[in-house]
Amino acid sequence: MSGYAVARLDEIDEVSDGRCPFRPVRHHFGIAAFGVNAWTGRSAGDRIINEHHEAQPHDSKEELYLVQQGRAAFEPDGGRLDAPAGTFVFVRPGVKRTAFAEEPGTTIVAVGGVPGKAYEAFGWEIWAPFQPLFQAGEYAEVANRGRDAIEAEPQYAGPLYNLACCESLAGRPGDAIEHLRRSIELSEVFRDHANGDPDFDAIRDEPAFKELMAG
């Protein structure tokens with residue numbers, strides 16, 4: 001097996017969760033040490049980076065953005081920053097940020113991680129296509145369509161957890177508990193999530209669920 005890999009940006013297919021499409025660079029290469037993705041605005045004025053602040057207690061990332069081509073306008077904490085090609089923009093956790101294309105074809109590459117913690121891939125690249133259905137309340141549809149894709153990438157705890165949420169909401173307790181169990185085996189953080197997640201209220205009294213929560 002080769003010790004390196006090479007890909008052009010346009011060789012990495014875009015993925016969308018219903019917001020700004022992105023190219024899953026980290027997942028494409030199987031990177032385990034840090035997160036890295038890329039976004040391209042097709043037209044001037046397109047939003048490239050979804051507005052977010054990375055302030056969750058369990059997932060407060062530092063992010064470094066590079067304008068790889070074109071020209072972008074970043075809006076950190078409501079300000080405005082002009083960023084032509086070759087510009088780095090570093091944003092700390094808790095700072096609300098978004099970015100727009102100022103020229104057609106503007107591309108931004110983002111690298112991120114949580115300070116002081118080993119990187120843990122959520123697997124959002126796998127879950128993203130099902131997020132619009134989840135938000136629309138089509139839980140059984142997500143469970144039906146998402147199971148094969150999610151089980152094909154068993155190294156990611158996040159999609160397994162979200163699949164379990166859908167199965168619980170769709171009235172499939174056995175499937176929900178099994179996928180939740182596999183998620184927790186990969187990452188203990190999801191045991192805490194499930195304890196307070198109303199998506200599991202329908203199965204909270206199941207003996208197998210109580211056993212999972214007890215650890």
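Helices (DSSP runs of H or I, at least four residues) and strands (runs of E, at least two) are numbered here from the N terminus. The views below come from a predicted model, in which local features need pLDDT of at least 70 and side-chain atom pairs count only at pLDDT 80 or more, while totals for chains, interfaces and linings use all residues. Residues are numbered from 1 along each chain as its sequence is written, and side-chain values use heavy atoms, with hydrogens and water left out.

**View A. Threonine 87 sits in the loop between β5 and β6.** Look here for a meeting of residues from separate stretches of the chain. Leaving aside residues up to four places away in sequence, threonine 87 touches Tyr65, Leu66 and Val67 (contact means heavy atoms within 4.5 Å). Threonine 87 and tyrosine 65 are 22 residues apart along the chain, and their C-alpha atoms are separated by 8.1 Å.

View B. Two strands pair if DSSP finds at least two bridges between them. Strand β4 (residues 71-74) runs antiparallel to β5 and is joined to it by four bridges. Follow phenylalanine 74 across to β5 and you reach its bridge partner, leucine 81.

View C. Seven bridges connect β1 with the antiparallel strand β8 (residues 106-113). Threonine 40 has threonine 107 of β8 as its bridge partner.

**View D. Helices α5 (residues 157-169) and α6 (residues 173-186) cross at roughly 160°, their axes coming within 8 Å.** That angle makes α5 roughly antiparallel to α6 (under 35 degrees counts as roughly parallel, over 145 as roughly antiparallel, 65 to 115 as roughly perpendicular and the rest as oblique). The contact is made by Ala157, Leu160, Tyr161, Leu163, Ala164, Glu167 and Ser168 of α5, together with Asp175, Ala176, His179, Leu180, Arg182, Ser183 and Leu186 of α6. These contact residues divide into eight nonpolar, three polar and three charged; Ala, Val, Leu, Ile, Met, Phe, Trp, Tyr, Cys and Pro count as nonpolar, Asp, Glu, Lys and Arg as charged, and the others, Gly among them, as polar.

**View E. Tyrosine 161 and phenylalanine 190 form a tilted aromatic pair, 5.0 Å centre to centre with 35° between the planes.** Rings of Phe, Tyr and Trp (its six-membered ring) pair if their centres lie within 6.5 Å, with planes under 30 degrees apart counted as stacked, over 60 as edge-to-face and the rest as tilted. Tyrosine 161 belongs to α5 and phenylalanine 190 to helix α7 (residues 189-196), so the pair ties together parts 29 residues apart in sequence.

**View F. α7 packs with helix α8 (residues 207-214) at an angle of about 130°, with their axes 9 Å apart.** The two helices are therefore oblique to each other. Arg191, Ala194 and Asn195 in α7 meet Phe209, Leu212 and Met213 in α8. The contact of α7 with α8 divides into four nonpolar residues, one polar and one charged.

Definitions and conventions
Axes fitted to C-alpha atoms, helices over the stretch in contact; angles between N-to-C directions.
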